[in-house]
Amino acid sequence: MNLPDGLLDGQWTWLAWLLFAAFAWLAARRAPWRVLADSTRLNAFLAMIVALILLWHLQAGVKPGLSLHLLGATLLTLCFGWSLAFIGLCLVLVGVSLNGAAGSEAFAINALLMAGVGVAVSQGLHRLVEWLLPRHLFIYIFCKGFFAAALAVMAVGVTVCLLLAMAGAYSSEYLIDEYLPYFFLLGFSEAWISGMFATLFAVYRPDLLSDFEDAQFLGRK
């Protein structure tokens, strides 16, 4: 994650910018901007962006592009929906890039990997849980908060490894042996943090969760 400039060929960069422009336009068009008209939700949105900028700077890695850090895509998706979550993570990446922790030319690639894949997997898993499982508080917390967060991070890791291998930046053997396994460990940390905040919000501030209804999950009128 946080790929630097020059790691991938120019054709990958241009393709990523085209795809990013399409997804950014779709997210901006579908985003429920009226949600941010509420000062409480707006403050929460901005606070999460600032917190994630700090968390994304706390990364580990020994080679260019092979870094690890927490993501936050699942929690943002729970709170604001997929479109605002994608936009929010892109804003996080802007802050990280301005501080030199990610390449500016590789911005589109990083956005598609971390914001695009992370949010898409989170949203897909959330919809799958709603379709397959009953509405229950513990199902909401553990499936949408814990497990979705872990799987989202792992999906990002697999996608990053596939991209780097296809682009010839690193060999597939090296990525599988020295990089990919750490995403499974990172998934536990991501799950714990996302699940913890999902629990706190569900119990004390359910109004901050976009798809949480008191009457269905807590029996409130």
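**Figure 1. The second largest pocket of the predicted model holds about 280 Å³ of space.** Its lining is made up of 17 residues. Those nearest the centre of this pocket are L52, L55, L75, I193 and F197.

**Figure 2. Helices around the second largest pocket.** Helix 2 (39-57), helix 3 and helix 7 (180-204) each give at least two residues to the lining of this pocket. Helix 2 provides the largest share, 6 residues.

**Figure 3. The largest pocket contains about 360 Å³ of space.** A total of 20 residues line the largest pocket, and L19, F23, L112, L113 and V117 are the closest to its centre.

**Figure 4. Helices around the largest pocket.** At least two lining residues come from each of helix 1 (10-30), helix 3 (73-98), helix 4 (107-132) and helix 5 (137-167). With 9 residues, helix 4 makes the largest contribution to the lining of the largest pocket. Helix 3 supplies at least two residues to the lining of the largest pocket and at least two to that of the second largest pocket.

**Figure 5. Residue classes in the lining of the largest pocket.** Here the lining consists of 17 nonpolar and 3 polar residues, with no charged residues.

Technical notes
Residues are numbered from 1 along each chain as its sequence is written. This is a predicted model: local features need pLDDT of at least 70, side-chain atom pairs count only at pLDDT 80 or more; totals for chains, interfaces and linings use all residues. Side-chain values use heavy atoms; hydrogens and water are left out. On a 1 Å grid over the protein atoms alone, a cavity is a set of points where a 1.4 Å probe fits but cannot get out, and a pocket is an open set with protein on both sides within 12 Å along at least five of seven lines; lining residues have an atom within 4 Å of a point. Grid points are joined across faces, edges and corners, and a volume is the space filled by probe spheres set on the points. Helices (H or I, at least four residues) and strands (E, at least two) are DSSP runs, numbered from the N terminus. Ala, Val, Leu, Ile, Met, Phe, Trp, Tyr, Cys and Pro count as nonpolar, Asp, Glu, Lys and Arg as charged, and the others, Gly among them, as polar.
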